[in-house]
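Here is a short note for a colleague opening this structure for the first time. Please read the points with the model on screen.

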Amino acid sequence: MKSKIKKLLKNFRITRSAFSYPYILFMLIFVVLPLALILINAFMVDQRLSFGNFISLVQDRASLPTLLTSLLVGLVTTITCLVVGYPVAYILAKRKSGRIIALLFILPMWVNFLIRTLSTRAMFEALGIDLGMGTVIFGMVYNFIPFMILPLHTTLSNIDKSYIEAAQDLGASPSIVFLKATLPLSIPGIISGITMVFIPTISTFAISQLLGGIYLFGDSIYSKFNHGMYGVGSVMSLIMLVFVIISNVFISKVNKGGAARNLW
Amino acid sequence: MVKKTLSNAYILIIMALLYAPIILIIVFSFANTSNFTFRHGFTLEAYRSIFNFPQTPYLLDALKNTLFIAVVSSVVSTIMGSVAAIGIYNLKQRPRRIVENINQMPIINSEIVMAVALMLFFITFKFPQGYVRLIIGHISFCTPYVVLSVMPRLIQMDPNVYEAALDLGASPVKALFKVIIPIIFPGIMSGFAMAFTLSMDDFIITQINKGTTTGIDTLSTYIYSSQHNARGLNPFWFAVFSIIIVVVLALLLIINLNKLIKRINKERKNEKSF
């Protein structure tokens, strides 16, 4: 026994990669396997392979409108975040103290989103604003705009200044410089920002429900599972997964360096 | 000049909007009203009501659960994640890339999908309801962040330092504890802080996996279940939210104070050199 341990210690240098095995095992069991179960469940009805769940999703009168509402809310939220957040990131990127101010923009995110959402709802109620689509979108923008500002800020502050200077030297007006140099160079940040706002918005749980009684995709996945409709719920999760995969392929294509992924 | 004022004003307005709900809740927690007015003037009544409010015992119970789950899952994920990072760093390129991709899964995937997938898994394999499910769930989304915060330290580390320790006669185990771990220690600590805050902050995975019959609630699920059908916010909650907000922000400041000071000094130096 003792010699065995000694031998193991001697071979320690070669087997250091074995340190990762417990974690790999854990992740296979508790992350990969559950996702595989979603995939299996989506194609199972009464323990037989079938597309029945897809059919009942399409035929369900409530599900399709929910999907459309989610896409609409996601779209409006993303566009608002981009329009409001781009100038913020642009201004911060020009300042030397911009990095610290950018930190101030993420600080509120550390307060639990339920507390912030309930506070926002109390504010709306005190102001006499009716809860509905408008308040939902405000809440979403409020919650997810840091996800837009951060990648944009990273990309914009990493742009090589000599491009801008070259454009200016060649006689471009400030607006032309922005349109022809800064904006195209910041596209990787825009794309990361868009996906980092859009996906969480449509899959979020509870925010829209609290701020306007509107059920989005995330809420209906939860209610399907809560009512024991695992098959249909799995199909909806699968649709969500496809969204996530597409957006990530998109992100990694656009910024090969993977710079703007660093949220924290 | 005008441009600068305008852009400053813009930043200030957006910042004010972001902070408005948090700050207003704290300000009006001293008003003891639900409608954001100082009808009764400045008063500590809302805070006093915490001591005899009927919901306080449940809230304290939820706080205990939150801390228990956060401590257990962040300690486990810090140990497992740090050990795993050393292992992953020493894997060959191909398997390393696969493992790193698996590591990314809980981070990029939407939380609701991870949550229902875990729920399906627990039901399929008949896991006991309660803390076991919650702690496993929390470990599964905290550990990847630990790996991610330890990894850069390993990559920056000069591999020769470890070899030198071995050449000077240290055993591999000793070299691990005396060389590698001290070098990656800041990464381990920030991974731990991250895991702890993420676990404390979690709502979706807890809400979906806590089970309906166990009666286990964390702070966030308790707040949700007692408020999601309510109209208006009782002054009691103004006080509770204010306490939570102040504690969270203070902790954050303490954890990051060192980093922040370093960063500000660096920025100052940069400004001077221009």
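Is A:Gly231 buried or exposed?

1. A:Gly231 is buried, at a relative accessible area of 14%. Buried means under 20% relative accessible area, exposed means over 50%, and partly exposed lies in between (1.4 Å probe, protein chains only). A:Gly231 sits in helix H13 of chain A, residues 230-254. Helices here are DSSP runs (H or I, at least four residues), numbered from the N terminus. Beyond its neighbours within four places in sequence, A:Gly231 contacts A:Asn41, A:Ala42 and A:Asn53. Contact means heavy atoms within 4.5 Å. A:Gln47 is 184 residues from A:Gly231 along the chain, yet the two C-alpha atoms are 11 Å apart.

2. A word on the basis of these values. This is a predicted model, in which local features need pLDDT of at least 70, side-chain atom pairs count only at pLDDT 80 or more, and totals for chains, interfaces and linings use all residues. Residues are numbered from 1 along each chain as its sequence is written, chains are lettered from A and ligands numbered from 1 in the order in which they are written, and side-chain values use heavy atoms, with hydrogens and water left out.

3. Next, the interface. Chain B and chain A bury about 7600 Å² between them. Carbon and sulfur atoms carry 78% of that area. Buried area is the accessible area (1.4 Å probe) that two parts lose on being put together, summed over both. B:Leu18, B:Ile112 and B:Leu120 supply 8% of the area that chain B buries against chain A, more than any other three residues. The contact takes 88 residues from chain B and 76 residues from chain A.

4. What polar links cross this interface? There are 10 residue pairs in polar contact between chain B and chain A, both residues at pLDDT 80 or more. A polar contact is a pair of N or O atoms within 3.5 Å; within protein, one must be able to donate a hydrogen and the other to accept it, and residues adjacent in sequence count only if both atoms are side-chain atoms. The count of salt bridges between chain B and chain A is 0. A salt bridge is a side-chain nitrogen of Lys or Arg within 4 Å of a carboxyl oxygen of Asp or Glu.

5. Helix H1 of chain B (residues 2-28) gives the most to the side of chain B that touches chain A, with 15 residues. By class, that side has 64 nonpolar, 17 polar and 7 charged residues. Ala, Val, Leu, Ile, Met, Phe, Trp, Tyr, Cys and Pro count as nonpolar, Asp, Glu, Lys and Arg as charged, and the others, Gly among them, as polar.

6. Buried residues of H1(B) include B:Leu18, B:Ala20 and B:Pro21.

7. The whole structure holds 3 salt bridges over all chains. B:Arg48 and B:Glu45 form a salt bridge at 3.2 Å, N to O. They lie 3 residues apart in helix H2 of chain B (residues 45-49), so about one helical turn separates them. B:Arg48 is partly exposed at 48% relative accessibility, and B:Glu45 is partly exposed at 33%.

8. B:Glu100 and B:Arg96 form a salt bridge at 3.3 Å, N to O. Both lie in helix H4 of chain B (residues 93-108), 4 residues apart, about one turn of the helix. B:Asp217 and B:Lys210 also form a salt bridge, with the closest N and O atoms 3.4 Å apart. Both B:Asp217 and B:Lys210 are buried.

9. B:Asn103 is in helix H4 of chain B. B:Asn103 is buried, at 3% relative accessible area. Its contacts, not counting residues up to four places away in sequence, include A:Tyr23 and A:Met27.

10. Finally, two backbone points. B:Asn32 has a positive phi of about 55° although it is not a glycine. B:Asn32 lies in the loop between H1 and H2 of chain B. B:Lys126 also has a positive phi of about 55° without being a glycine. B:Lys126 is exposed, at 70% relative accessibility.
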